[in-house]
Amino acid sequence: MQYKTMESPFLHRQSTRERVNDSAFSRFLLLGFSNRPQLETPLFIVILIVYFLSFLGNGMIILLSQMDTCLHTPMYFFLSNPSFMDLCLTTCTVPQTLANLKERDKTITYGGCVTQLLIALGLVVMECVLLAVMAYDRSIAVCCPLHYLAIMHPHLCLQRVLTAWLTGFGNSVLQTALTMTLPLCGRNQVDHLFCEVPVMLKLACANTSINEPELFTVSVFFLMVPLSLILVSYGHITQAVLKLKLAQGRWKAFGTYGSHLMVVVIFFGTLISMYLQPPSSYSQDMNKSNVLFYTLVTPQLNPIIYTLGNKEVKGALRRLLRATADLRGN
């Protein structure tokens, strides 16, 4: 006669508690460039300088677009939003990176990691959508200048910006929930500069065969669709520019929109290399370099290429400095 062994409820609760404690902890260790300590001080200096310039440039764009009535146009309304996003993105990720490069304690709390992942991913997706909207705005301005204000009216501009914000953070909440609920089995060493979805998926000890295809599908949609729309818009701009009679005007337009396209290629190219590959094939050194491009380099290039070389922005800056000087004089 066989007897069925009864499992003690106490032992069951204890083993469950052990499994929970094994996969839940309060801090992550961000490894960053700790395997190459000789790079940490030079990187700290370079990143700090670029962060300062990015903060200054994007802050200036936001200030000028709000204070100068000459810049109250759809173009500068759209430009001020990516500038605000770049400020938030760099502030969300760079201070933690600088602290990790300078200090021995390279940890981040679980809540800080979740917050960082949520905000950074939301802002990146929003910027992808807004870059497509801005490219469409420029194509309308170049191809249909007489109908520009009728097409890009304030209500439509606000609607598109709100759509970008809701889409970005809606996707971010979903991806963060799907990623951070995976069991980690005590693994807390993140071989990256900050918390990001592909890196956290690689850290998981559970089966990610559902998470990886889902992330890939979402990434294709939010990266390839906006990029395709941007390329189509710049294709229309190129056709319009080629019809210009003056060669000087053509070269000037190609220089302006070519620099815009260069920033787009850098931004989307680094994101594609990060998100459109399976986590098992990641090259951590390459990904750390890529993340510096789309969280630090492009936010610093955007104000230089899009606006600070623009005559209208330079005029607004002169007026602001003149008004400031007059106030001090009085």
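**Entry 1. Lys 106 and Glu 40**

I looked up the salt bridge between Lys 106 and Glu 40 in this predicted model. The closest N and O atoms of Lys 106 and Glu 40 are 3.3 Å apart. I then asked which parts of the chain hold Lys 106 and Glu 40. Lys 106 sits in the loop between helix H3 (74-102) and E2, while Glu 40 belongs to helix H2, so the pair ties together parts that are 66 residues apart in sequence. For burial, I found Lys 106 buried, with a relative accessible area of 12%. Glu 40 is buried as well, and its relative accessible area is 12%.

**Entry 2. The other salt bridges**

I noted a count of 4 salt bridges. Among them is the one that Asp 137 forms with Arg 138, in which the closest N and O atoms are 3.1 Å apart. Asp 137 and Arg 138 are both buried.

I also recorded a salt bridge between the side chains of Lys 288 and Asp 191, at 2.7 Å from N to O. Lys 288 is in helix H10 (residues 284-308) and Asp 191 is in the loop between E3 and helix H7 (197-203), so this pair ties together parts that are 97 residues apart in sequence. Asp 191 is partly exposed, with a relative accessible area of 29%.

**Entry 3. The sheet**

I turned next to the strands. The protein has 11 helices and 3 strands. I read the order of elements from the N terminus as α-β-α-α-β-α-α-α-β-α-α-α-α-α. An open sheet of 3 strands has the order E2-E1-E3, and its pairing is mixed. Why is one side of E2 and of E3 left without a neighbour in the sheet? Strand E2 (107-109) and strand E3 (189-190) stand at the edges and each has a single partner strand, so one side of each has no neighbour there.

I followed the pairing of E1 on both sides. E1 and E2 run antiparallel and are joined by 3 bridges. In E2, Thr 107 is the bridge partner of Leu 29. Strand E1 (residues 27-30) pairs with E3 in the parallel sense, over 2 bridges. In E3, Val 190 is the bridge partner of Leu 30. Helix H4 (residues 110-143) packs on the sheet, where it touches E1 and E2, and its direction makes about 85° with that of E2.

I then examined the two faces of E1. In a regular strand the side chains alternate between the two faces of the sheet. The covered face of E1 has Phe 28 and Leu 30, and the uncovered face has Arg 27 and Leu 29.

**Entry 4. Asn 171**

I located Asn 171 in helix H6 (residues 154-180). Is Asn 171 buried or exposed? Its relative accessible area is 9%, and under 20% counts as buried, so Asn 171 is buried. Which residues are in contact with Asn 171, leaving aside its neighbours within four places in sequence? I listed Leu 121, Val 125, Val 218 and Phe 222.

I searched the surface for nonpolar patches. Ile 45, Ile 49, Phe 52, Leu 53 and Leu 56 make a nonpolar surface patch of about 490 Å². Ile 45 is found in helix H2 (residues 40-67). I noted that Ile 45 is partly exposed, with a relative accessible area of 45%.

Met 67 also lies in helix H2. I found Met 67 exposed, with a relative accessible area of 53%. How many residues apart in sequence are Met 67 and Leu 320? They are 253 residues apart in sequence, with 8.3 Å between them in space, C-alpha to C-alpha.

**Entry 5. The whole protein**

Of the 330 residues of the protein, 44% count as buried. The accessible surface comes to about 17,600 Å², and carbon and sulfur atoms hold 67% of this area. Of the contacts in the protein with a separation of 6 or more, 80% come from residues 24 or more positions apart.

Notes
Residues are numbered from 1 along each chain as its sequence is written. This is a predicted model: local features need pLDDT of at least 70, side-chain atom pairs count only at pLDDT 80 or more; totals for chains, interfaces and linings use all residues. Side-chain values use heavy atoms; hydrogens and water are left out. Patches are made of residues with over 30% relative accessible area and no salt bridge: like charges are joined within 9 Å, nonpolar side chains (Val, Leu, Ile, Met, Phe, Trp, Tyr) within 5 Å. Accessible areas come from the Shrake-Rupley method with a 1.4 Å probe; for residues, only the protein chains shown count as cover. Helices (H or I, at least four residues) and strands (E, at least two) are DSSP runs, numbered from the N terminus. Buried means under 20% relative accessible area, exposed over 50%, partly exposed in between (1.4 Å probe, protein chains only). Two strands pair if DSSP finds at least two bridges between them. Contact means heavy atoms within 4.5 Å. Axes are lines fitted to C-alpha atoms, for helices over the stretch in contact, and angles run from 0 to 180 degrees between N-to-C directions.
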